[in-house]
Amino acid sequence: MATHTCTVCGYVYDPEEGDPDNDIAPGTAFEDLPDDWVCPVCGADKEEFEKQ
């Protein structure tokens, strides 16, 4: 699974790690994140992420 990087702050969403602080389980693909998920560092919307 590909990682996605926030173009605002540089946070990298790694699907192997998920986002445990926001109840996103490891193994969750970026495409499967809820529509209202935001960057846990800066609060940017999913649209601000680029696939790596």
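A: Rings of Phe, Tyr and Trp (its six-membered ring) pair if their centres lie within 6.5 Å, with planes under 30 degrees apart counted as stacked, over 60 as edge-to-face and the rest as tilted. This is a predicted model, where local features need pLDDT of at least 70, side-chain atom pairs count only at pLDDT 80 or more, and totals for chains, interfaces and linings use all residues. Residues are numbered from 1 along each chain as its sequence is written, and side-chain values use heavy atoms, with hydrogens and water left out.

Q: How many aromatic pairs does a search of the whole structure find?
A: The search finds six aromatic pairs.

Q: Which residues form the aromatic cluster?
A: One cluster is formed by Tyr11, Tyr13, Phe30, Trp37 and Phe49.

Q: Are Phe30 and Trp37 buried or exposed?
A: Phe30 counts as buried because its relative accessibility is 8%, and Trp37 is buried too, at 6%; buried means under 20% relative accessible area, exposed over 50%, and partly exposed in between (1.4 Å probe, protein chains only).

Q: New topic: where is Thr7?
A: Thr7 sits in the loop between strand 1 (4–6) and strand 2, strands being DSSP runs of E with at least two residues, numbered from the N terminus. Thr7 has a relative accessible area of 43%, so it is partly exposed.

Q: What separates the C-alpha atoms of Thr7 and Ala44?
A: They are 8.7 Å apart, although the two residues lie 37 residues apart along the chain.

Terms used. Helix = DSSP H or I, 4+ residues; strand = E, 2+ residues; numbered from the N terminus.
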